[in-house]
Amino acid sequence: MLSYFSESRWYTIAAIALFYAFSSWILLRAVGETALTSSVDYLYWLAVTASTVGYGDLSPVSRPGKLIVALYVIPLGLTIFAMVVGRLAAWVSNQWKKGLKGMKQLHIKNHILVIGWNEQKTLLLLDLLLKERDALPDHPQIVLCVKADITNPMPDKVEFVRVESFNKDEDMDKACLRDASVILIDNPQDDVTLTTALYCSQRNPKAHQVAYFTDDSLVPLLQQHCPNVECTPSVAVEMLAKSAFDPGSSMLHHDLLSVDAGQAQFSVAIPQTGQTLTVADVFINLKKHYDAIFIGYAPAGVYQKLVVNPEFEVTLSPGDKLFYIAESRIRDIDWKKLGA
């Protein structure tokens, strides 16, 4: 019986509980325990008795009533109560384990989806994303989607999904791919990164997508089919060469990319309701009012047309993406101070 009840469905447990409550009421009513069998008092007394709390404010007064409670109501009620609590605890534990192993179906929107697993590199990426997210007002959720046989490396900070393939609808729907606002792809194999980027562009063309490649030769191939994907090639060799002739260059670039300490690079879009600005106004007033350095802009937010160190006379329009260096991300920029 214990084996049967431990594997029974919830509707079976509910039916047993209803039978227990009704049969107990019939037995108590038959022996004249009218004080216990009134509608509200009976439900209250049965819940207190079956859970073994036993306040004692209501109790049977007749000998037959006491025997019924001692031999039927308490033993059976205690069994049902323990079974319900056990099943509930098992369900909660199972849900937690499914989330830890990435087997749960997520239901989120406008999140940052990280696809791929590179061990310490991915852990560093997640740590940086969490620090950057803290500076944003909306605090988007971060989801890690992997094929590797691992558990959630940050169960208290990021959501986790484990899939068989990055190119199957039923798998990627678990990570809510179509509702992600940002998609970051970084796999040990560049060919997997390429196919995943093509698939994600087809499933969610509105998301801002970034793909990392070790082999730079694959970047033109992806941008030929998906021009909106921001490709990030490896720059380790370039950093070595640059540091050879300009010592300290690698430290400078690391400082601009890191959010742990020092100055870092950020971006902001000119609001559509704003007026046009000149590079001179932005450069001078950004430093004057916010102690930040303007370094370039992307016309209409198109990153492939990024202009670094533009002339002072260049006009900036609403929708343009501005890039600047500052100690931290600037919140609530007063565009009138910048010359709008």
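**The whole chain**

Begin with everything selected: a compact globule of 340 residues would have a radius of gyration near 20 Å, whereas this protein has 31 Å (taken over C-alpha atoms, the globule rule being 2.2 Å times the number of residues to the power 0.38). What you see is a predicted model, in which local features need pLDDT of at least 70 and side-chain atom pairs count only at pLDDT 80 or more, while totals for chains, interfaces and linings use all residues. Residues are numbered from 1 along each chain as its sequence is written, and side-chain values use heavy atoms, with hydrogens and water left out.

Turned along its principal axes, the protein has C-alpha atoms that fill a box of roughly 100 × 45 × 35 Å.

**The domains**

Next, colour residues 1–101 as domain 1, 111–238 as domain 2 and 263–326 as domain 3, bounds that come from an automatic or database domain assignment. Between the C-alpha centres of domain 2 and domain 3 the distance is 27 Å.

**Two helices**

Now select helix α7 (residues 190–203) and helix α8 (residues 218–225), which pack at an angle of about 10° with their axes 10 Å apart; the axes are lines fitted to C-alpha atoms over the stretch in contact, and angles run from 0 to 180 degrees between N-to-C directions. Helices here are DSSP runs of H or I with at least four residues, numbered from the N terminus.
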